[in-house]
Every structure is written in C-alpha cells, then in structure tokens.
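Please read the following briefing alongside the sequence and the model.

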Amino acid sequence: MSTTITRVTARDIRFPTSKSLDGSDAMNATSDYSATYVTLETDSSLGLQGHGLTFTIGRGNELCVEAVKSLAKLFVVGRTLEDITANFGAYWHEIVAGDCQLRWVGPEKGVIHLATAAIINAIWDLWAKQAGKPVWKLLVDMSPEELVRCVDFTYLTDVLTPEEAIALLRRVEPGKAAREREMLEQGFPGYTTAAGWLGYSEEKMRTLARAAVADGWTHLKQKVGADIEQDLRRARILREELGWDRKLMMDANQTWDVDQAVENMRKLAAFDPWWIEEPTSPDDVLGHAEIRRRIHPIGVATGEHAHNRVMFKQFFQAKAFDFCQLDPARLGGLNEVLAVVLMAAKFGVPVCPHGGGVGLCQYSQNIVLFDYIAVAASLENRVLEYVDHLHENFVEPIVIRRGRYMPPKLPGYSVTMKEQSLDRFAYPHGAEWIS
Ligand SMILES: C[C@H](O)[C@@H](O)[C@@H](O)[C@H](O)C(=O)O
Ligand SMILES: [Mg+2]
C-alpha cells in the first residue's frame, strides 16, 4: 500500500511579536515571527497529513507561500511517500535542480530554498508519522546506508563521500542505545536567549536573567551590536546575575565590519563571552576566519543565515567558526541538514542549531538528539538554543527540564500547529490581524 500526496496547501501565519519586542536584535528591531505553514494531504485512509514550516519575520512570508505552490505543482502533488523516500537524496536533488526555471531564482538560496525547506520537512513529518516515531527516532533507527541515501552529495565529494559518511556513522554505532537512554532520562543541554533581546529594557533583562538562573539555565545569550557602550552595560548586568561560572554568549546579528567586530569583541572580552555569533556578513567566510583568528579564545558562531551545504563546506574548510549554527528551515530541509551534520562530524565542529524563531526549537530538538546519539557521540561544546515564546501554538510544545530539552514523543517533526492557532494568526484575515 502506498501513500499518495493528493494536495499541498501553504498558509501565511504571522505572530505580532514586534509589539512586545520579543526576538529583537541589532539588525531585526521589529520582527513578527512568521511561518509559511505547509500541509501535505494524502489518500491515506487514516487521514495522514504531513506538516512543515519555514520561518520568516513577517513581510515576505507571502513570497514563500507562492514559492511553495510553484514547487508543489511540479514536484509534490501526485507523488507517493514510498517513491520519494526510497531514494530521498535523489528526490531532494530533483527539487533543487530538477527545473532549471525555478532553479534560476536561487539556486539553493533565498525564498525558493526556504520554500524547499517547508516542503521537504513536511515530507519528513509525514514519513515519521507513518512510521509512528518522532523524527529523531526515525533517524536514529536507520542504518548508515539508509541515512546516507537521504543525502545529496552534489558539490560535497571533495570533502565528504558517501563511503566516508557511512564509515563515520558506523564508528559510533556501538554506544547508540546507551546514548538514547541517556537522552530520554536527562535530555539535551540547552541555552536561553529569552532574557537577552535587545528591545528589552535593562531592568527587564536583569529580572529575566535572574529567573533563568533560578530555572537552572547554565548558558545565556545576549544581543549586541547596536551601540558598544550599551553592550558593555548589559554584559555587566548579565554577569552580575550569572556569576562567572555560567556561560555568556553574544550575538551581533551581522552588524559589524571585520575590524569593528575585532575591536568591539576586545572590549567585550572583559565579560568572558563564550562565543560571538554572526559578527559580520553571513556570506563572509574569510571574514569570519579572520575575526576568529584575532579574538581567540572567544569562539565564533554562525550559520542561521548560511543558506546551503556549500556555504557550510567553506566555513569548515576555512576554519572560520567554532560552532556550527545550522538552521532547520534555512537549509533546504532535513536532507541538507544531514549533509551539514555529517560534515561537522568529519571536521570536528560542534553543531548548535539555530532556534530563534517560531518552530525552530521544535525542529532542532530532533536534530541535536540524532546528532548526539548517532553521529557526534559527544556533548562537548554542544547546546541547543531556546526562545521562550509561541510554544503554546504547537500540538506538542517543547519540554524543558532544568535547562535541558526532553525528547519529543509524538510521531512527526514536532511542528504541527494547533488548528485554532492557524486560524487566529492567519495573515491578513485571522482574528489576530483584523482586530
Ligand atoms: C530575529 C530573530 O529573533 C533573531 O534575532 C534570532 O533568530 C537570533 O539571531 C538567534 O540567534 O536566535
Ligand atoms: Mg543569532
């Protein structure tokens, strides 16, 4: 029995987070956390559906919705899940390169790639729901050969071949069951961005940081990059609340030039930052490498705007970062995430996925669990970002216990939203937007 995808819908969902300045940073002062929300309808007698989303921050979400429709017509409607997943890497390649006219508006970047992510992740959701497992478990239970079949190695074979990837996976197979038990009991370490948004007053930041410490968080991220005097003042407040044993990270959201980043981080070094994130343009691989060399031992983190596996390949090759912050919906969905996770293992760079957006923590918890259990087999320097709003809109919201992510249990990729949320936040006609 096969499952045919009969219809694809894409909805424009927006949350008015700019009102409270949740999610604000030096580059994105007023973002409305938004999702292009994709539903794959099928002919399954059980009414099985796949759900995926891509994250945007408001205007432009309508472009992603249209791009999903363009891709769905050509590559999704009428296809069977079994046909797609039998050789998922080849199917992924077909979506990103199978139509030269759509490829032209990327390739493998921008709106079209964000749309690819929503569709591809919806297929993974459907596959996992059919298998009755959360995505992390679906991945963990696959053989190395099955996993590698999900990856498109195009443009990667000079640094990683399928055979090497299989060998990497095989090497850590012996401890898999123990690591899975450990995760189910103890969860995966997280860090919180919840106190550090730039639009929050210093007083609010102090109160939230204090609460975060009381809740058991050991790592906290501060937004910087608008004004260095403000950054120094806020770092001082955070150190007063965190003490010096907890880790403080900083995120400049692309606002500095290379020399300016170095100069500012030399000042902020007084507060012992663990990493500086997106210190400069997300495309400037060599600039990141230069910053990294000059601010050592402060680490450099980036990746939330690195749009495809080739960008990551260059970050690895150029030794340009210490923390790989891949984004589950900026890359073209989970197949491409797997490619980056495998490269990260080869280059020995920890993967700390991006979670700052709606649905991103929901996805990323699956990625880090898989990475720890089946690929990296290490927790060293690995933490998953946590932002603490909008979780109530999901059918299975993330669960945090003393600063650690507890593994999701429901089948799927953890981004299925509640119907009433989809109705209320639909843009522009949902109740939230017309009132
Ligand atoms: C606009 C967003 O909230 C960003 O500030 C956010 O993704 C951030 O860069 C992060 O690292 O979480
Ligand atoms: Mg960031």
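Helices (DSSP runs of H or I, at least four residues) and strands (DSSP runs of E, at least two residues) are numbered from the N terminus. This is a predicted model, in which local features need pLDDT of at least 70 and side-chain atom pairs count only at pLDDT 80 or more, while totals for chains, interfaces and linings use all residues. Residues are numbered from 1 along each chain as its sequence is written, and chains are lettered from A and ligands numbered from 1 in the order in which they are written.

**Domains and their contact**

- The chain is divided into domain 1 (5–133 + 421–434) and domain 2 (169–418), with bounds that come from an automatic or database domain assignment.
- The C-alpha centres of domain 1 and domain 2 lie 23 Å apart, and the contact takes 41 residues from domain 1 and 38 residues from domain 2, where two residues are in contact if their C-beta atoms, placed from the backbone, lie within 7 Å.
- On the side of domain 1 that touches domain 2, β2 (34–42), β3 (49–56), α3 (88–97), α5 and α17 (419–424) each supply at least two residues, and the largest share, 11 residues, comes from α5.
- That side of domain 1 divides into 20 nonpolar, 14 polar and seven charged residues; Ala, Val, Leu, Ile, Met, Phe, Trp, Tyr, Cys and Pro count as nonpolar, Asp, Glu, Lys and Arg as charged, and the others, Gly among them, as polar.

**Shell around ligand 1**

- Ligand 1 is surrounded by 13 residues, of which the closest are Gly23, Asp25, Asn28, Ser31 and Gly356; a residue is near a molecule or strand if its C-beta atom, placed from the backbone, lies within 6 Å of it.
- By class, this shell has eight polar, four charged and one nonpolar residue.
- Ligand 1 lies between domain 1 and domain 2, because both domains give residues to the shell around it.

**Helix packing**

- The axes of α1 (residues 61–75) and α5 (residues 110–131) come within 8 Å and cross at roughly 65°, where axes are lines fitted to C-alpha atoms, for helices over the stretch in contact, and angles run from 0 to 180 degrees between N-to-C directions.
- The two helices α1 and α5 are therefore roughly perpendicular to each other; angles under 35 degrees count as roughly parallel, over 145 as roughly antiparallel, 65 to 115 as roughly perpendicular and the rest as oblique.
- In this pair, Leu63, Cys64, Ala67, Val68, Leu71 and Ala72 of α1 meet residues of α5 including Val111, Ile112, Leu114 and Ala115, and by class the contact has 12 nonpolar, one polar and no charged residues.
- The axes of α10 (residues 202–214) and α11 (residues 228–242) come within 9 Å and cross at roughly 30°, which makes α10 roughly parallel to α11.
- Glu202, Met205, Arg206, Ala209, Arg210 and Val213 in α10 meet Arg233, Arg234, Ile237, Leu238, Glu241 and Leu242 in α11, a contact with six nonpolar, no polar and six charged residues.

**Backbone geometry**

- Most residues other than glycine have a negative phi, and most peptide bonds are trans.
- The peptide bond from His296 to Pro297 is cis, with omega near 10°, and Pro297 is found in the loop between α13 (285–295) and β8 (299–302).
- Tyr427 and Pro428 are also joined by a cis peptide bond, with omega about 5°, and Pro428 has its place in the loop between α17 and α18 (431–434).
- Glu108, although not a glycine, has a positive phi of about 55°, and Glu108 is found in the loop between α4 (100–104) and α5.
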